[in-house]
Structure formats: C-alpha cells, structure tokens
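Trainee: Please take me through one part of this model closely. Keep it simple.

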Amino acid sequence: MKTNYDVIVTGGGMSGVFAAIASARNGAKTLIIEQYGYFGGSLTANGVGPMMTFFAGEKQVIKGLGEEMVQRMVEKGYSPGHVLDSTNYISYLTPFSAEGLKIVLDEMVQEAGCDILFHTNLVSVEKTNSKISSITVLNKDGLTNLTAKYFIDATVDADLATEAGVPFQLGRESDQAMQPMTMNLKVYGVDTQELKNTVLKDPEKFPRLNRNLNVMKNTEILSFIGFDEEFKKAKKEGRLSIPREDILFFETNVPGEFIINTTRIINGSGVSAESLTRAEMLGRKQCAELFKFLVEDIPGFRNAKIVYTGPSIGIRGTRQIKGVYTLTNKDVLERTDFKTHIAHSGYPIDIHNPKGEGTVSVHSAQSEEIEHEKFDASTFDSYYKIPYEIMITNELENLIVTGRCVSASFEAQAAIRTTPTMTALGQAAGLASVLALKENQSVKEVDVSALQDILIAQKAYIEK
C-alpha cells in the first residue's frame, strides 16, 4: 500500500469525489478515502434525490465536473438529465439512478488516476507547526499512517479539520440546534398518472403545484408536494408521529419509483454516535408509519412496495469550520460580488425547523422569509457567488475544507449544502490544491484569479 501522496482527500461524497478527480486530472498524486464502499455521499448512502439544482431559472450556473457526471449518466441511461421541477420550488432538478451514479463516479475517479481506499476511516491527525504532516486511518489492514503535502477535508462534518484544531460552529449560532435528520423512503409501483389526476381534479388543494399546471400535465418525471390535510388528520389520529407538515416525494429515472423525503428526526446531532443511533431507528419507524399511510390514504400508492429506507440517515448540517471568511445569509440574499468566487449557486436558503414542524425558504431575490406555499418559483432566477476563503483556515497552511462543513452561517449553509453546489466546491478545492502544490505555497497564497481561469478552461461556470 502506498503511504505518501501529493494530495489526500478524506471523504468520497460529492465534494470529495470531485476534489479528488480535479486534483488527479491536473497532475497531483492523489488518494481518496471513504468510509462506505462507494462514492456519492448523500445521493448513494442516504437515499437523497433528485439533485437540486444546477440552475437559477433558465440559466445553468453549475457546470464543470458536475455537469460531466450528469451527461455521463444520461448517455448510460441512468438519468434523464435536467427536468422541470413540478413542485415549483426551483426551476430544474436532476433525477438519477443511485446505482448508476455509483458506477459513473467509480469510472471518473479511476480514469483520473486516483488511488482509492473504501471502508476506511480517519482516526487521528499529526501536525508540524502550521501544517498537517500525516493522518492515521483504520480499515481491514489495521492502522496506517499516510502522509501528503496537502489535505482536503471532505468528511461533511469537518472531522479532519476539527481533529487538527480548526475552530468550528456547531449548528445554529443561537442554540447549537441542527436541522432535522431525515430517513428517506424509496418505493416502487406508484401510479404516477393517478397522482397527476388527483391534482388536476382539485388544483386548489395543491397550491404549490397549482402555480404551473402545465409542468404537472406534461412532465414525464413527477415531483410532488402536498396532501397536507390527509397528513394532519393521520397525525391527529395517532397513525403518524412525524413532526412535519406535508409530504414531499420525487420520481426517480424509473417510472413509478419515488423517493419520499418526509420523515423528520428533531433534537438530534449528526456528530454524536448516540444521537445517530437513535435517529437511524426512529427514522425507520417513521418510514414504516409513512408507508402504511401512503398505501392506505394517498392516491396512486395502493400497490406500492418498499425498495429500501436510507440506507443510512440523512444529515443536513453539523459543524461549520470558522475559516478565513464566513459566508452569511446577507451574502446569499444580497448576492455579494466576491472577486474571489469559485462557484455559484441558485438554491435558496432552505431551513427545516430543528425543533418541530415548519420549513422556511428564502430565495436570493427576496428580502424576507417566506413560507413554501406563498411564492412562485418561476420568478426566482437569481443566484449568488461563493468565495474561496470559506474553504481555507487561519490555522493551517496545507488544508482545504470542502462540502457542507465549509465556513458559513447556519442560514447560508442551508443554501449552499445541496449536492450540485458541492460538485462545484469540490472541483475548486481540488484545483486549488494543485496550484498550491505547483508553487509550493500555502493554500492561503493561491492566486484565485488563476484558479478562476483554470476552472473556466475546465468548463466550470465562473463569471469573471
């Protein structure tokens, strides 16, 4: 086993995998380690889907390696590509096959020339002055010490950065509360046409979907939200114990197969083993209740069957590092013109109540909070810039942090946390490590203008 690298990436979720690909494609000897046996993070390990969103209105603002991944899936029949969102929350979303995604990411990482270690966990970090000198990992080979010139933390919980002494904020600044965790439920055998007909017969009952019935009528892949009355009635009768207000489900690339993103585990922590254990079991219990309710009460689900739950609990946020700069909700809402931006995103601030029912969204075109059912997404075509400085720290010269644990406020993280944005951050992180490697410099000294030029040359979307 090799033990010395130019760049080591810890974590194979969407940010980590594209950091590793970008690093290796541009000449760095790169290792990526991942705790599961596959790449993809929340999209493969937590049953999350679809990808939301590469777009802001009709404008695609996330491209690069993320778009290459989408096109590879389209070519192989694993995704229809970008389709209109019939819930009218955003403009476009991207359904996909989770199994197909695993294969495509395997191919991309191997083609880039990365070394890979699955089933491998970070144990400890060693530092020399202001640099990480090595990490110790644990897998079936036992404990192994690995060295590198540069490290990229893509662990989603900032495990590497935290172990190395980087300060962080846990959850919401006021009380450390974290957004609820969710156990996703995937089912098949749903009558999609019956669902559509239910809306078309009584569109006033579905205010979000009623905003643009043409999308609902014509889409081949259905996104759906509603049945608030039925949901409330089942909770009142004691048939459901989910502290949420509606049902949200998305058809995958397989007709009649839906991901239901509705369970809600509150008052938990994604960085506590005890809390995670409770969440996994409670999430499965809620999924069982939810499935029974869907079959008995919701049109189109009478013959549905369960594909799986999870496989593991989905986590929206835990630790945020305190980096050179902290992205704020004001930056997102007012679209701060960062000259050092390395990514864009059109996804809104999307906060699930950490304490119970309620979900609040704020699009960057808005100046105040608005509830989901009170806006028309067709008017929300603005997007915001994300600066390089949220991925680097004051403490360490050779660490870049990417993924949902970057330096951002609770509200700002609720906007940038989704997977398409993670592909853009990951690509930028990988390229930045290569630039630092070539110049033998601190990651804080990277020429961001040069980084932007390379991102543009490699098909990322950067406004310069």
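Trainee: Which residue follows H12, and is its phi positive or negative?

Mentor: Asparagine 440 follows H12, and its phi is positive, near 50 degrees. This is a predicted model, where local features need pLDDT of at least 70, side-chain atom pairs count only at pLDDT 80 or more, and totals for chains, interfaces and linings use all residues. Residues are numbered from 1 along each chain as its sequence is written, and side-chain values use heavy atoms, without hydrogens or water.

Now the helix itself. Helices are DSSP runs of H or I with at least four residues; strands are runs of E with at least two; both are numbered from the N terminus. H12 covers residues 419–439. Its 21 residues should span 30 Å at 1.5 Å a residue, and its end C-alpha atoms are 31 Å apart, so the two agree. The expected span is 1.5 Å times one less than the number of residues. H12 is mostly covered, with 19 of its 21 residues buried. Buried means under 20% relative accessible area, exposed means over 50%, and partly exposed lies in between (1.4 Å probe, protein chains only).

Compare a strand. E14 (residues 247–251) has five of its five residues buried. Ile247, Phe249 and Glu251 point one way, while Leu248 and Phe250 point the other way. In a regular strand, side chains alternate between the two faces of the sheet. E14 pairs with E13 (residues 223–226) in the antiparallel sense over four bridges. Pairing takes at least two DSSP bridges. Three bridges join E14 to E15 (residues 258–260), also antiparallel. Phenylalanine 249 stands opposite phenylalanine 224, and its bridge partner in E15 is isoleucine 260.
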